[in-house]
Structures are given as structure tokens and as C-alpha cells.
Amino acid sequence: MATAHLIAVGSSPLGKTDLPGRDLFSRAIAEAFEGLPDPADVVDGLYVGAQSERYENQIMQGTLMAEWAGLRNVPAERVEACAAAGALALKNAVRDVRAGVHDAVLACGVEKMTAGGTEGATNALGAAFERALEQRSGITAPATYALLARRYLHETDATERDLARIAVKNHRNAASNPRAMFQQAVDVETVMDAPDVAPPLKLYDCAPVTDGAAAVVVANDEVAADLQRRHDAVHVAGVGSAANNLAVAERDLTFVEGANVAASTAYEDADVDAADIDVAEVHDAFTVCEALLAEAAEFAPKGRGIETVEDPGDRSAGWTDVQINTSGGLKARGHPIGATGLLQAIEAYEQLTDRAGERQVADANTALLINEGGVADAHTVAHVLTHND
Amino acid sequence: MTDTDSTTTGPLAPEDITAESPFTLPGFFDALAAGRLMAARCTECETHLLPPRPACYNCGSRAVTLSEQPRTGEVVSYTSVKRPPSAFEHLAPITVAVVELDSSARLTGRVTASLESVAIGDRVELRVCDPETVDIDPEFNLSYEEEWPVHVFDRL
């Protein structure tokens with residue numbers, strides 16, 4: 001099996017922008033290929049994660065983005081798993097490189113979420129939930145996650161204030177991330193006093209509606225050696241994915257079992273343990289997700305995921321020393337649905353290659369990424385990344 | 001239609017999967033309109049599947065049978081949808097809950113009570129509504145959904 005490396009990364013500005021999806025994609029590609037040959041001379045195929053065609057009334061994003069990157073007559077496919085689409089694009093690119101099908105593949109994601117206003121985004125996101133009983137009961141994304149949060153607060157010692165502290169931590173991290181949508185800190189009182197969205201979740205418990213695109217180049221040893229100094233590349237050491245139930249009613253509300261399976265599979269593939277992970281980007285679409293995923297990734301004992309905000313030395317016994325969502329997470333870096341999984345990979349790339357500036361975690365050598373779609377882990381893709389020594 | 005009391009021991013036959021069978025959504029909603037809430041039950045691991053489907057997500061078995069469900073149960077979790085999808089705006093704020101029926105089958109539904117008056121553990125009862133009385137924007141419905149009833153939960 002060939003080794004898959006991340007050799008280059010790029011992203012567009014994140015937030016509400018005046019650029020349509022394909023132009024956001026162009027921004028990401030321009031950064032990723034800065035100083036490299038043309039994409040057509042580097043990659044043999046493309047996967048693009050995109051949650052919904054409803055935002056811009058456009059399917060065939062594989063074909064379209066390939067054209068915009070100057071690629072022709074190569075495999076170019078859109079992949080969809082709601083908010084896990086970005087990591088799914090990465091997973092497919094890694095699979096192709098490992099299998100020797102391609103020497104290098106472009107994994108990218110794009111979403112122009114503001115095109116239809118708040119109503120357009122609510123309706124497009126609503127399609128991710130089970131139709132017959134749940135959509136027809138009027139649920140939304142925040143409501144489904146609020147059902148998880150309510151039960152989590154009921155079964156554990158965690159409080160709404162604890163959830164608020166996750167938002168505060170992630171805003172603090174984003175303040176030193178030049179890619180982030182919200183580069184400013186907030187305090188706990190601001191989070192607690194914000195309007196309800198779906199109780200117990202309030203405005204700052206929820207990731208924003210975001211326009212954005214991201215791209216990473218996945219390459220085998222030869223291409224990586226050709227184009228990049230060895231120590232500047234990152235090795236994709238492990239991959240795992242799993243589906244859980246689509247209907248929120250039919251799943252364990254306080255344990256994201258599919259995410260646990262995906263993370264465990266990625267650990268096994270990479271031959272690492274949870275304790276080996278230095279930095280993790282986990283899918284905090286809503287604050288409660290970060291606590292649930294800390295437990296699913298086996299960083300935290302069951303019911304103690306909420307301590308993700310504490311410095312490693314101040315956490316309960318059984319916690320690892322991992323630093324979670326140094327990018328600011330979905331909450332503060334932004335959440336352009338189809339691009340989010342690649343933005344997680346970009347943060348890991350920057351941490352593992354010592355490019356993370358003020359938010360750099362010392363001696364970060366191993367990273368975990370968890371990207372989810374649907375209600376929490378209805379679909380999860382996990383990757384373990386390591387630094388090429 | 002597969003009989004409620006049948007002891008199914010293997011996969012459904014292709015001819016069992018028709019719009020008259022509660023193992024499909026049209027059959028499930030026809031039964032619901034007639035006042036019967038149907039789930040499938042796995043004969044291997046006892047998991048309830050609501051709406052019914054041909055295979056058990058828990059153990060993988062296709063030995064599933066039909067089981068009429070009790071209408072009463074309790075709230076497992078709940079919230080309020082302040083800004084629902086546009087077709088449901090007239091109902092906002094919508095209280096929604098995950099309810100565990102007395103059989104242990106679970107489903108999500110609207111609760112006809114304010115958020116403040118609901119708590120985990122509350123007893124509720126399922127009620128079946130004619131879709132016209134719920135007044136969901138007809139644009140929302142797919143062609144095959146127009147006659148499907150809508151369920152709600154009333155507090156007991």
C-alpha cells in the first residue's frame with residue numbers, strides 16, 4: 001500500500017462573502033497551488049464535498065470544480081454526507097493514492113450557504129434529517145442537537161454554563177487563526193445571555209452559516225518528494241468511517257457510537273492510541289458535540305467530555321493531554337458545510353508542520369480529525385495525521 | 001399485509017413489499033390514519049424499528065415481524081424550535097420531543113404544550129391528525145405525502 005501525504009493546503013475567506021461557490025473554490029486552489037506546478041501537472045483526479053445543490057441550484061460540482069482548476073478528462077466527483085462531505089472527499093483521495101490508482105488527488109469542499117438567506121440555509125440543512133417522521137414534525141439542525149444536549153445535561157453533571165465555556169474556548173482559539181470567521185474572543189456572560197435558538201442551545205452554542213471553500217493535495221511518496229521538502233508534508237496514517245441511524249429518536253442520545261467506531265478504526269489503521277493524539281479537530285457544530293466527541297474519541301471518560309476546556313493538568317483522571325479545536329472549531333473558525341472536513345485537515349497540517357503561529361501546540365506530532373454529518377454521527381469520517389519526521 | 005401475529009423467521013419476500021404493507025411508508029401511514037401505530041420488531045434481538053423496515057439496524061437480522069405499538073410513553077428529551085423550516089412557521093415555536101413508548105420503541109414528534117410545561121419523564125400520548133388540520137404548506141409535501149397523517153403528542 002502506498003503512503004498518502006498532504007502536501008499542500010488552501011482555503012478561501014470564511015463568512016458571508018460576495019463570491020459564489022466556484023470563486024470561493026478558486027481562492028482555495030490559488031493558495032494550495034502557490035509555488036507549485038499547474039494542478040493538471042500534479043493531480044490525476046478530484047473529489048469535492050458539497051452538502052446541498054439547493055444553495056446555488058447546481059449539481060455536477062465535480063465537473064465544474066475540475067474545470068475551474070484546469071483539469072479535464074480526469075475522474076472528478078462530488079461526494080455527499082451532509083457536513084461530513086469534506087472528510088469524505090479526503091478519505092476517497094487517500095484511498096485512491098494508497099491503492100495506487102492515482103499518484104495525487106485533489107480533495108476539496110465548497111458551500112455557498114448564504115445564497116438563499118437564513119430560510120434557504122434552514123431548508124437546505126433540513127434535508128439531512130429523517131423525512132417521514134422527523135422533518136414532518138418541523139425539526140431543524142439546532143433542534144436535533146438540542147435533543148442531544150438536553151439529555152446530556154440530564155445524565156451528567158454538566159451545565160449550560162459548561163457548554164458556554166466550550167464556545168468561549170473556541171472563540172479564544174479562533175482569535176489567533178487568520179483563517180477564522182470570528183477572530184474575536186467572547187466571555188461566558190455574553191454566551192449565557194445570548195438569545196435561545198433551541199433550548200438549552202443558545203446563539204453561541206451554534207456554528208454559524210458560512211460561505212467557504214477548502215482544498216488539500218493528497219500525494220504518494222514520489223510526488224510528495226518531488227514537490228515538497230519532506231519535513232513539510234504530513235502523512236495520513238489512519239482512516240475510519242461509519243454510519244449511525246439517521247433518525248435522532250433511534251439512537252443513543254449521549255454516546256455517539258458511530259463516531260467511536262470511526263475514531264477507533266482510524267487509530268487501529270494508524271497503529272496509535274487515543275493517548276498518542278496531541279491535537280484534535282472535532283466536529284463542534286454545536287457545543288455539546290465537542291463534549292460528546294471527546295468521549296467518543298476516548299480522550300475523556302464517559303460523562304466528562306465537558307472538561308475539554310480545561311488545561312490538560314486540570315482535567316479529571318482518565319483524560320488525555322490532547323488540545324481540541326485549536327483552530328476555533330466549527331463554532332468560531334466557521335462551518336461552510338462541505339468544506340469543514342478539509343478545514344480541519346488544514347489546521348492539523350499547520351499544527352504538525354509548525355505553522356500555527358500563536359496557537360501552535362508544542363511538539364504536536366499526531367492529530368485526529370473527526371468530521372460528522374446528519375444528526376451528530378449519522379455519518380462520521382475520522383483521520384489520523386502524523387508529521388513526516 | 002404481513003399479519004401482526006405472524007412469527008416471521010426470515011427475510012420479507014419481494015411480494016410482501018408493497019404500498020399496502022406497513023413495511024413500506026405508504027402502508028405505515030395508511031395504518032396510522034386508521035389509528036394503528038406500527039413498528040417492526042426484530043425477532044432476533046427485540047429491537048423496535050419505527051417506521052417498520054425489512055432489516056434490523058441493531059443486529060442485521062432480516063427476521064422482522066410487525067408489532068402494533070402502544071400510544072403512551074414518556075419524554076426522553078425535548079426542545080423548542082424557534083425558527084422552523086418555512087412550511088412550519090405558523091406552528092412556531094414548536095415543542096419537539098423524543099418519546100419512548102411503553103413498548104420501548106422511540107419516535108420524535110411535536111408536543112402540544114409550551115416548552116416550559118414539558119420535562120424529561122413526562123407522560124404523553126400520541127394523537128393522529130388529518131394533514132389538513134395541521135396546515136403544513138402544501139408546497140412542502142411530496143406528491144405521495146399529501147394524504148399522510150401527522151402525529152403529535154399530548155401531555156397526560
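Q: Which residues of chain A are linked in a network of salt bridges?
A: A salt bridge pairs a side-chain nitrogen of Lys or Arg with a carboxyl oxygen of Asp or Glu within 4 Å. In this predicted model, the network links A:Glu31, A:Arg179, A:Glu347, A:Glu350 and A:Arg359. Residues are numbered from 1 along each chain as its sequence is written, and chains are lettered from A and ligands numbered from 1 in the order in which they are written. Local features need pLDDT of at least 70, side-chain atom pairs count only at pLDDT 80 or more, totals for chains, interfaces and linings use all residues, and side-chain values use heavy atoms, without hydrogens and water.

Q: How far apart are the closest N and O atoms of A:Arg359 and A:Glu347?
A: In this salt bridge they are 2.8 Å apart. The partners are 12 residues apart: A:Glu347 is in helix 13 (340–352) of chain A, and A:Arg359 is in the loop between that helix and strand 11 (366–373). Helices (H or I, at least four residues) and strands (E, at least two) are DSSP runs, numbered from the N terminus.

Q: Is A:Arg359 buried or exposed?
A: Relative accessible area under 20% is buried, over 50% exposed, and in between partly exposed (1.4 Å probe, protein chains only). A:Arg359 has 8% relative accessibility, so it counts as buried. A:Glu347 is buried too, at 2%.

Q: Which parts of chain A does the pair A:Glu281 and A:Arg333 tie together?
A: Their closest N and O atoms are 3.3 Å apart in a salt bridge. A:Glu281 is in strand 9 (residues 279–282) and A:Arg333 in helix 12 (residues 329–333), so the pair ties together parts 52 residues apart in sequence. A:Glu281 is buried at 3%, and A:Arg333 is buried at 1%.
For another case, look at A:Arg151 and A:Glu155, whose salt bridge is 2.8 Å, N to O. These two are four residues apart in helix 6 of chain A, which means about one helical turn between them. Here A:Arg151 counts as buried at 17%, whereas A:Glu155 counts as partly exposed at 45%.

Q: What is the nearest side chain of opposite charge to A:Asp205?
A: Lys and Arg count as positive, Asp and Glu as negative; His and the chain ends are not counted. For A:Asp205 the nearest is A:Lys202, 4.2 Å away, and the buried A:Asp205 has no salt bridge. A polar contact is a pair of N or O atoms within 3.5 Å; within protein, one must be able to donate a hydrogen and the other to accept it, and residues adjacent in sequence count only if both atoms are side-chain atoms. One such contact, of 2.6 Å, joins the side chains of A:Asp205 and A:Thr287. The backbone nitrogen of A:Lys202 also lies 2.8 Å from a polar atom of the A:Asp205 side chain. You can find A:Asp205 in the loop between strand 6 (201–202) and strand 7 (211–219) of chain A.

Q: How many residues of chain A are in contact with chain B?
A: Contact means heavy atoms within 4.5 Å. Here 31 residues of chain A are in contact with 41 residues of chain B.

Q: How many salt bridges does the rule find across the interface of chain A and chain B?
A: There are two. In one salt bridge, A:Arg131 meets B:Glu145, with the closest N and O atoms 2.7 Å apart. On chain A, helix 5 (117–126), helix 6 (141–155) and strand 5 (196–198) each supply at least two residues of the side that touches chain B. Helix 6 gives the most, with six residues.
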